[in-house]
Amino acid sequence: MTTKTKLLNQLKDHTHQWVSGEELSHRLGISRTAVWKQVKNLKTEGHHILSAPKKGYRLVKMADVIIADELAATLTTNVMGRPAVRILGETDSTNLQAKVMAAEGVAEGSLVVADTQTHGRGRRGRTWHSPSGRNIYASIILRPRLSPSQAPQITLMTAVALTKMLRESTALDAKIKWPNDVMIDDKKIAGILTEISADMDAVDYVVVGFGINVNTRQSEMAEEIAPIATSIFLEKGVETSRTNLLCNLLKHFETTYDLLNNQGFGPVMEQWRSMTDIIGRRVYVDVMDSRYTGKVETVNDDGVLVLREDEGGTRHIFSGDVTRVRRR
Ligand code: BTN
């Protein structure tokens, strides 16, 4: 445990009480100047700590930061979030960092988390707006025994894990929009970006990136997404611990990944279908420059959307953006 975490724990044990610099220096075995420096670091991380001459320090409110020690202590997984873990303040994109780590050879289950991203990336080349201190931006490295053509299974499997976590941790009625957006009442709360490195017949690694809107306020959302996005805070009116959510996500991610590895993709898709309300609905699907309109017949065991087109006939769609057609 780092000195900074030990100091925070001391202050936490005496929340709302003054603890003198001398006492802290004695308990931690460091000088009073070192205590002062570490308190300064904690304040920059967003912890609300008062300092007063003769009294010492008092923790008023802890920032919701993801700290390695706390994450490790809260995790209930065997593999996910265990081998190599990098917790970053600011980074370009956790997916980019995870790809660097994967290329260096880190083991399956390695994790990158950031407080904010300067180049957060979404599907189809979009930007993932990543305000600091509010949300979860994380990427996991997998080394699945799948052929490259089966790699999209990982994305659908992740949507199942994410939806399970949101339902369990927040009691919100999260649903999946094909292929992998997680929605609350037609507003997006979380997205997944999967990137793969493979040769002709084997996957080397898959990086799965999650962006989950946890404590974002309306005013902090990018203008173009504000009307179509939501966060746990906006839905429930209370702040949620990012560490707890991330640990619960990793737990569901591990069990769903085990299901995929042990029983194949069919049972995962069965769960996926039970978490979507898109089947049987009229939609239009944008695929590159084309738009197809019709009724969703099913999403089959390969994760392919089967559309009964208004113009007649059935179309199998492998990737695209779905929008519900609402009756007026
Ligand atoms: C989407 O477009 O729905 C996918 C969004 C994925 C965003 C996450 S945030 C963590 C990881 N790093 C990135 O740059 N993107 C993903």
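**Exercise 1. Identify the buried residues of helix H1 (residues 3-13) and state what covers them.**

Solution. The structure is a predicted model, in which local features need pLDDT of at least 70, side-chain atom pairs count only at pLDDT 80 or more, and totals for chains, interfaces and linings use all residues. Residues are numbered from 1 along each chain as its sequence is written, and side-chain values use heavy atoms, with hydrogens and water left out.

Step 1. Helices (H or I, at least four residues) and strands (E, at least two) are DSSP runs, numbered from the N terminus.

Step 2. Buried means under 20% relative accessible area, exposed over 50%, and partly exposed in between (1.4 Å probe, protein chains only). In H1, the buried residues are Thr-5, Leu-7, Leu-8, Gln-10 and Leu-11.

Step 3. Contact means heavy atoms within 4.5 Å. The cover over the buried residues of H1 includes helices H2 (21-28), H3 (32-44) and H4 (68-74), together with S1 and S2.

**Exercise 2. Describe how H1 packs with H3.**

Solution. Step 1. Two packed helices are described by the angle between their axes and the distance between the axes. Axes are lines fitted to C-alpha atoms, for helices over the stretch in contact, and angles run from 0 to 180 degrees between N-to-C directions.

Step 2. For H1 and H3 the angle is about 85 degrees, and the axes lie 10 Å apart.

Step 3. Angles under 35 degrees count as roughly parallel, over 145 as roughly antiparallel, 65 to 115 as roughly perpendicular and the rest as oblique. H1 and H3 are therefore roughly perpendicular.

Step 4. Thr-3, Lys-4, Leu-7, Leu-8 and Leu-11 of H1 meet Val-35, Gln-38, Val-39, Asn-41 and Leu-42 of H3.

**Exercise 3. Describe how helix H8 (residues 242-263) packs with helix H9 (residues 265-274).**

Solution. Step 1. The angle is about 140 degrees, with the axes 7 Å apart; the two helices are therefore oblique to each other.

Step 2. H8 contributes Thr-256, Leu-259, Leu-260 and Gln-263 to the contact, and H9 contributes Phe-265, Pro-267, Val-268 and Gln-271.

**Exercise 4. Locate Lys-54 and Asp-185 and classify each as buried or exposed.**

Solution. Step 1. Lys-54, not a glycine, has a positive phi of about 75 degrees. Lys-54 lies in the loop between strands S1 (48-52) and S2 (56-61), and counts as exposed because its relative accessibility is 88%.

Step 2. Asp-185, also not a glycine, has a positive phi of about 45 degrees. Asp-185 lies in the loop between S7 and strand S8 (187-198), and its relative accessibility of 69% makes it exposed.
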